[in-house]
Amino acid sequence: MVLSRIILGLLALAPMTGYDLKRHFDSTVGHFWAADKAQIYRTLAQLVVEGCAEVETVAGSGAPDRQEHRITAAGRAALAAWLASAPERHVERDPFLARVFFGADLDDDGLRSLFAQRRVATQAQLARFERMRAEAEASDRGARLRLATLDNGIVHLRTELAWLDAVEEEVA
C-alpha cells in the first residue's frame, strides 16, 4: 500500500516511465523507502489496473518508444485519502541490529569488525545525504517538505554514529 502511494506521489510530480520512477526513487525517497525495479514495475502495473495511473506511449526520437505513466483523477483521490489518513507506524527490520542482539557469540575482533563495517556504511550514506542536501533547493512548500525528509535521514544517521560510539565504548 505505501509503495503504491509513494509511486502515485512521484507521478503527481511529473509523468514518468518505470525507469524514471526507479531513478527518482533512488535519488529522492530512497533515504526512507526502498523498492527494487521489479517491485516498482509490478506496483505500476497494478495502479494501471486499478485506474489510478494510465500509460501513454511516447514516440522516441531516434530511440525506442517510452511507456510514460501518468496519475489519474482516481490516483489523485487515492493519494489524497492516504495523505489525510492516520500515519501507520512501520516496523523496521534491520539485520545489523539482529546481529548486535546476538553478538555476544562474536569474539572481540568480530564485534569490532561488525561495528566498523556499519560505521563505514553509515558515514558513506551520511556523506551522500549531505551532498544531496547541499545541492537541494527549497523553492516551494513541496520542496521544503521533501527536504525535511532528507534532514530526518541526516539526523538519524548522525544519531546512529553517536550510538555506535556509545555501544563500542560500553562493550569494549
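How far apart do the C-alpha centres of domain 1 and domain 2 lie? They lie 28 Å apart. I will come back to that after some ground rules.

This is a predicted model, in which local features need pLDDT of at least 70 and side-chain atom pairs count only at pLDDT 80 or more, while totals for chains, interfaces and linings use all residues. Residues are numbered from 1 along each chain as its sequence is written, and side-chain values use heavy atoms, with hydrogens and water left out.

Now the domains. The assignment gives domain 1 as 2-84 and domain 2 as 95-171; such bounds come from an automatic or database domain assignment. Five residues from domain 1 and six residues from domain 2 take part in the contact, where contact means heavy atoms within 4.5 Å. The area buried between domain 1 and domain 2 is about 450 Å², and carbon and sulfur atoms give 62% of that. Buried area here is the accessible area, taken with a 1.4 Å probe, that two parts lose on being put together, summed over both.

What holds charges or polar atoms across this interface? The count of salt bridges between domain 1 and domain 2 is zero. A salt bridge is a side-chain nitrogen of Lys or Arg within 4 Å of a carboxyl oxygen of Asp or Glu. Two residue pairs are in polar contact across the interface of domain 1 and domain 2, both at pLDDT 80 or more. A polar contact is a pair of N or O atoms within 3.5 Å; within protein, one must be able to donate a hydrogen and the other to accept it, and residues adjacent in sequence count only if both atoms are side-chain atoms.

UniProt, in an unreviewed entry, places the feature "domain: Transcription regulator PadR C-terminal" at residues 93-170. Such annotations may be inferred rather than shown by experiment, and their positions are given in the numbering used here. Over residues 93-170 the chain is 83% helix and 0% strand, with the end C-alpha atoms 24 Å apart. Helices (H or I, at least four residues) and strands (E, at least two) are DSSP runs, numbered from the N terminus.

Next, the salt bridges. The count comes to 13. One of them joins the side chains of Asp-26 and Lys-22, at 2.9 Å, N to O. Because Asp-26 and Lys-22 are four residues apart in helix H2, about one helical turn separates them. Asp-26 is partly exposed, with a relative accessible area of 39%; buried means under 20%, exposed over 50%, and partly exposed in between (1.4 Å probe, protein chains only).

Arg-66 and Glu-68 meet in another, at 3.5 Å, N to O. Is each of these two buried or partly exposed? Arg-66 is partly exposed at 33% relative accessibility, and Glu-68 is buried at 12%.

Then there is Arg-158 with Glu-130, whose closest N and O atoms are 2.6 Å apart. Arg-158 lies in helix H7 (residues 141-171) and Glu-130 in helix H6 (residues 108-135), so the pair ties together parts that are 28 residues apart in sequence. Salt bridges that share partners also join Asp-20, Arg-23, Glu-56, Arg-66, Glu-68 and Arg-70 into one network.

Last, two loop residues. Thr-72 is in the loop between strand S2 (66-71) and helix H4 (73-84), and is buried at 14% relative accessibility. Phe-32, in the loop between helix H2 (18-29) and helix H3 (37-50), is partly exposed at 40%. Leaving aside neighbours within four places in sequence, Phe-32 is in contact with Ile-6 and Thr-149.
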